[in-house]
Amino acid sequence: MLRIGVVGCGTIGRGICRAIDEGVVKAELIAVYDRNACDAEKLRGQFSRFSPEFMEIAKMVKHIDLLVECASQEAVHDVVPLALTSHCDVLILSVGALADEGLRNRIEELASENSCKVYLPSGAIAGLDGLKSASIGEIHSVTITTRKPPQGLAGSPFVVMNNIDLDSISDATVLFEGPAKDAVKAFPANVNVAATLSVAGIGFERTLVRVIADPSVTRNIHEITVKGAFGEFSSKVENVPSPANPKTSYLAQLSAIATLKKISSPLQVGT
Ligand SMILES: NC(=O)C1=CN([C@@H]2O[C@H](COP(=O)(O)OP(=O)(O)OC[C@H]3O[C@@H](n4cnc5c(N)ncnc54)[C@H](OP(=O)(O)O)[C@@H]3O)[C@@H](O)[C@H]2O)C=CC1
Ligand SMILES: O=C([O-])CC(=O)C(=O)O
């Protein structure tokens, strides 16, 4: 059976571990790691079928087949090359890290040299199937508009560096418009979905991102428009935020679990 290690024991990590323990994903939960050791320790005690060990990454990669990164963009730099070098497949949630072209190329090279797979779940958006099909032909434009309650954007480098008082925003306000390459650095915990779109479609320079702080909404809303030789499509997801981390939509966690389910199943559905 597939042996999994999870890096990052926050909102998504906890959900993934629970899904493995409950048998939704047919795999063994071997190890967990978080830079806050006590969060990982708390999580370890919550399972009925598995007792994952708290393991540093260097040890973890010797005991698993697949490493799940659900920590931060910084963690992608630290753990993904190491896992691939150790012949582990990798599932990445903090996809914004791949805006770094050097890291992206290194990850692709290491995966290829070591015959490993790198999985990027569709996260909190819908429509990647259409974009992947469309990108076999010519794509003219990909745009994503992300609309979140102001406090869902709290702590992001863009808000901090520009001294934006989120509490004083009374109407929907466009905070950012620009390429995905800049958006994922400005809002690293909010628009990883723009990075996934970039990889699936026309890259980090040409994928355009708009971030709106909107006090009138309670959901994290992602609207995507793709235009190309195939015609055009739009998708809109109104996501329920995770109670433990309102930046992260519940669908992101479900999407990671669905990807693990697909990996561990003989039946493959969809593009
Ligand atoms: N691809 C997608 O569609 C989506 C991606 N995401 C991304 O997925 C990741 C996980 O999200 P979520 O579970 O909500 O986040 P949480 O903040 O709830 O949990 C992340 C956990 O990982 C820890 N962590 C962060 N960096 C490291 C590191 N370098 N090494 C070890 N542990 C680390 C955090 O510690 P600490 O609290 O100290 O930071 C925290 O305990 C985030 O990067 C998020 O932006 C989220 C939603 C959608
Ligand atoms: O969960 C979401 O709404 C999207 C998100 O935070 C991200 O892509 O980083």
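This is a predicted model: local features need pLDDT of at least 70, side-chain atom pairs count only at pLDDT 80 or more; totals for chains, interfaces and linings use all residues.

Q: OK, what does UniProt say about A124?
A: The record, an unreviewed entry, puts the feature "binding site" at A124 and N192. The two are spread over 69 residues of sequence but cluster in space, with a largest C-alpha distance of 9.1 Å.

Q: And which of that set line the largest pocket?
A: Both A124 and N192 are part of the lining of the largest pocket.

Q: Is A124 buried or exposed?
A: Buried, because its relative accessibility is 5%, and the cut-off for buried is under 20%.

Q: What is A124 in contact with, leaving aside neighbours within four places in sequence?
A: V193, H222, V237, N239, S249, L251 and A252.

Q: Switching over to N192, where is that one found?
A: N192 sits in helix 9, which covers residues 192-200.

Q: Buried or exposed, for N192?
A: N192 counts as buried too, since its relative accessibility comes out at 16%.

Q: Which residues is N192 in contact with, again skipping neighbours within four places in sequence?
A: Those are Q73, L93, S94, V95 and G96.

Q: What lies 2.9 Å from a polar atom of the N192 side chain?
A: The backbone oxygen of P188 lies at that distance from the side-chain polar atom of N192.

Definitions and conventions: Residues are numbered from 1 along each chain as its sequence is written. Chains are lettered from A and ligands numbered from 1 in the order in which they are written. Side-chain values use heavy atoms; hydrogens and water are left out. UniProt positions are given in the numbering used here, feature names are shortened, and annotations may be inferred rather than shown by experiment. On a 1 Å grid over the protein atoms alone, a cavity is a set of points where a 1.4 Å probe fits but cannot get out, and a pocket is an open set with protein on both sides within 12 Å along at least five of seven lines; lining residues have an atom within 4 Å of a point. Buried means under 20% relative accessible area, exposed over 50%, partly exposed in between (1.4 Å probe, protein chains only). Contact means heavy atoms within 4.5 Å. Helices (H or I, at least four residues) and strands (E, at least two) are DSSP runs, numbered from the N terminus. A polar contact is a pair of N or O atoms within 3.5 Å; within protein, one must be able to donate a hydrogen and the other to accept it, and residues adjacent in sequence count only if both atoms are side-chain atoms.
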